[in-house]
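I opened this entry to record what I looked up in one protein structure. I went from the whole chain down to single residues.

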Amino acid sequence: MNERDQLVQALTPTVMVPRFEAFEPLDRPGHRFLVVADGLWLEVRRSWLYARQRIARQEAVAMPYGVLAPAITFLCPPIPAAIVQKFSALARRECPREAAGWVVWNENTGVFVFREVEAITASAGHIRYHRPMLEAGEHLVMDWHSHGSGRAFFSGTDNRDDRGEVKVSGVLGCCDQERVDMVIRLCLLGTFIRLNARVSGDRIVFDEAVEDAKGANPWNTSFIPAC
Ligand SMILES: [Zn+2]
């Protein structure tokens, strides 16, 4: 095999999931494709996350492989609620212009910080910004932006922006109202899993996926509590 394909396949392998022994999850940052009895799955690992989800169902042809349960495991602690309040205050201040900011986690110190982004242009309908520089050990865990006085939803632009990334993405809307509107999803390299957020003590936890409206239930996701 030529060197380029060798390199690509070594970095992003496709793994046949065993039927007669335990599956060994990916143990370092990266991603793999898994051939499972019911189709093709994506497995992603970052310092702060382990996730695996089916991305294509296939049951017409019996495949002699094992089965898996979907999983989303946050390997970082829950995000401090104060950070989300910081972004909410920024979004209200900037309204009706859109605002954006990053929640960054340092795997060496275990500390979360909120990074305001440097906007290039911002209006009521869009925001473009310079991506913050990350130090060694820092990771983008959650990316927030606002829709000014509009509702919170993921637009076609948001889908394009989030396509290649592994992060939690949140949108705040109705920033001129007393109660803001909010949607959150986990982005896994082009697939999106809508998450519910709840406040637990002084932290925000994501421990429930939103059911798919079509009933296809692709996000039947089991959560393992964050450490
Ligand atoms: Zn948006």
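**Overall form**

I am working with a predicted model. I looked up the secondary structure and found three helices and 16 strands. I then checked the radius of gyration, which is 19 Å; the globule rule gives 17 Å for 227 residues, so the protein is as compact as a globular protein of that length. The C-alpha trace spans about 55 × 40 × 35 Å along its principal axes. I noted that 27% of the 227 residues count as buried. Of the contacts between residues at least 6 apart in sequence, 55% join residues at least 24 apart.

**Domains**

I looked up the domain assignment, which gives domain 1 as 3–69 and domain 2 as 79–209. Their centres, taken over C-alpha atoms, are separated by 29 Å. I found that 10 residues from domain 1 and nine residues from domain 2 take part in the contact. On the side of domain 1 that touches domain 2, strand E3 (39–46) and strand E4 (49–57) each supply at least two residues. E4 gives the largest share of that side, four residues. By class I recorded six nonpolar, three polar and one charged residues on this side of domain 1.

**Sheet**

I traced an open sheet of eight strands with mixed pairing, in the order E6-E15-E14-E13-E12-E11-E7-E8. Its edge strands are E6 (79–80) and E8 (112–116), each of which pairs on one side only. I then looked at E7 (residues 100–106) and E11 (residues 138–146), which run antiparallel and are joined by seven bridges. Val104 has Leu140 in E11 as its bridge partner.

**Core**

Which residues touch the most other members of the largest nonpolar core? I found Ile79, Ala91, Val141, Leu186 and Leu188, in a core of 39 residues. Domain 1 and domain 2 both give residues to this core, so it lies between them. I followed up Ala91: not counting residues up to four places away in sequence, Ala91 touches Ala99, Ser146, Leu172 and Cys175.

**Val199**

I looked up Val199, which is found in strand E14 (residues 191–200). Is Val199 buried or exposed? I counted 11 other C-beta atoms within 10 Å, and the limit for exposed is 12 or fewer, so Val199 is exposed. Leaving aside neighbours within four places in sequence, Val199 is in contact with Ala81 and Ile204.

**Backbone features**

I found a cis peptide bond joining Cys95 and Pro96, with omega about 15°. Pro96 is in the loop between helix H2 (81–94) and E7.

I noted two residues other than glycine with positive phi: Cys174, near 50°, and Leu189, near 55°. Cys174 is in the loop between strand E12 (166–173) and strand E13 (181–188). With 19 other C-beta atoms within 10 Å, Cys174 is partly exposed; buried would need 20 or more. Leu189 is in the loop between E13 and E14. Leu189 has 13 other C-beta atoms within 10 Å and is also partly exposed.

How values were computed: Residues are numbered from 1 along each chain as its sequence is written. This is a predicted model: local features need pLDDT of at least 70, side-chain atom pairs count only at pLDDT 80 or more; totals for chains, interfaces and linings use all residues. The radius of gyration is taken over C-alpha atoms; the globule rule is 2.2 Å times the number of residues to the power 0.38. Two residues are in contact if their C-beta atoms, placed from the backbone, lie within 7 Å. Domain bounds come from an automatic or database domain assignment. Ala, Val, Leu, Ile, Met, Phe, Trp, Tyr, Cys and Pro count as nonpolar, Asp, Glu, Lys and Arg as charged, and the others, Gly among them, as polar. Two strands pair if DSSP finds at least two bridges between them. A nonpolar core is a set of buried Ala, Val, Leu, Ile, Met, Phe, Trp, Tyr and Cys residues joined through C-beta atoms within 7 Å.
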